[in-house]
Amino acid sequence: MEAPHKDTGPASALLESNPFSKFVNAEVFSPLPGQSGKLPGAETMSILLDGHLENLRLSQQTLAMLPSASSGIITSPQEVANSARSPQGAQPNVSAVGTRRQRNPLIHNLLTDKPLLSSSLPPGRRGAGSGRPSTISPLPPHSTFVKRGMPLTILPNPYMQMWTAESQPRLQLNDPSIDLPRLVHLIEDSFDRKLDVQNYLERVNDRIAGIIVAGEYEGGAILTWESVPGVEDDGSPESVARMVPYLDKFAVLKRSQGAGGVADVVFNAMVRTCFPNGVCWRSRKDNPVNKWYFERSCGSWKLADSNWTMFWTTPGLPEDTSRFQDYEAVCRAIQPSWADNKSVID
């Protein structure tokens, strides 16, 4: 007797390897005797996934033959047509103010060379690209923005050595694997200020958690483990447990700011790979980049009697009073290392 045919395409393999899919098949959808054990619509989903994977492969092969600045978009005629509708027209039962139409993903890509939605936005803050709350346009766009891959260097490699406060010895910025002159140029170009390199190295070299570099030093982040003021850094379990994961520098070359997704690449690597349990940083209250930070952080706090706003991605931080106070103390205590010694703080 011939065994029943089993779909072994890429999408089927993806579904089969998903523990949640297995749980739903086994526990939620229990077929009657003699019926197929597949979820309703699973075959259609498999076809859609296979088609999307094929489109991604084609895009990858095409972009490999084009200049490095090339990009593309995978979309559908239906989505492009639907973008011409106003939110009210798409959902007559939902009250909405204004008549702004949804942005067309194809036109947006051609004009800006960017996706309709930033890849570093948390899922809960991704509307439908119309600039309105997701309650007005609950269905997110399905267009996919593709671009030639940008090299990403993470030191130390978090897949080989997790970034923990206990890790020793710690990476130093004058390590041979780091191009320090290019890193300094990246920071100075991004902040438009001269760095006191020696002072900066003395401050961070024994605290480095890791460094992220996008492309040829087009963007990057320096992350540290900071001791809470008043708590001696003696290596004891109590001292290590209170160390704060801190984003010390987040920089993108001026020519790469607002284009190419450099900032998204660095930020995603930081919050998804390096510090998935959360990290904090500070920014001037009048920094124009703060809107970008507000959209991607879990929360923010304006530090009284200072020009700083503290941001964090640590879940549940406000409920942990002791931890919150440690974060605030660190953000207040960090001393700038700029060569100009101006009172303006960054």
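Of the 346 residues in the protein, 38% are buried in the predicted model. The accessible surface amounts to about 20,100 Å², and carbon and sulfur atoms account for 56% of that area. The secondary structure consists of 12 helices and 9 strands. When contacts between residues at least 6 apart in sequence are considered, 66% of them join residues at least 24 apart.

The mean pLDDT is 79, with 70% of the residues reaching 70 or more. Residues 1-8 have a pLDDT below 50, and this stretch makes 4 contacts in the model beyond its near neighbours in sequence. For residues 89-99 the pLDDT likewise stays under 50, and the model has 16 contacts for this segment beyond four places in sequence.

Helix α3 comprises the 23 residues 42-64. The buried residues of α3 are A42, S46, S59 and L63. In general, an α-helix has 3.6 residues a turn, so residues three or four places apart point the same way.

The bond from L155 to P156 is cis, with omega near -10 degrees, and P156 lies in the loop that runs between β3 (152-155) and α7 (180-191). Q168 and P169 are also joined by a cis peptide bond, for which omega is about -10 degrees; P169 is placed in the loop between β3 and α7.

The loop between β4 (208-214) and β5 (219-226) contains E218, and Y217 is located in the loop between β4 and β5 as well. Y217 is not a glycine, yet its phi is positive, at about 55 degrees. Because its relative accessibility is 12%, below the 20% cut-off, Y217 counts as buried. E218 is buried too, but forms no salt bridge; R255, the nearest side chain of opposite charge, is 4.4 Å away. Beyond four places in sequence, E218 is in contact with M150, L186, A251, V252, L253, R255, S256 and V262.

A positive phi is also found at D305, a residue other than glycine, with a value near 60 degrees. D305 occupies the loop between β8 (299-302) and β9 (308-312). With a relative accessibility of 84%, D305 counts as exposed, whereas Y217 counts as buried.

How values were computed
Residues numbered from 1 in each chain as written. Predicted model: local features only at pLDDT ≥ 70, side-chain atom pairs only at ≥ 80, totals over all residues. Heavy atoms only, no water. Helix = DSSP H or I, 4+ residues; strand = E, 2+ residues; numbered from the N terminus. Expected span 1.5 Å × (residues − 1). Buried < 20%, exposed > 50% of the residue type's maximum accessible area, 1.4 Å probe, protein only. pLDDT = per-residue confidence, 0-100. Contact = heavy atoms within 4.5 Å. Areas by Shrake-Rupley, 256 points an atom, 1.4 Å probe, with all protein chains shown as cover. Lys, Arg positive; Asp, Glu negative; His and termini not counted. Salt bridge = Lys/Arg side-chain N within 4 Å of Asp/Glu carboxyl O.
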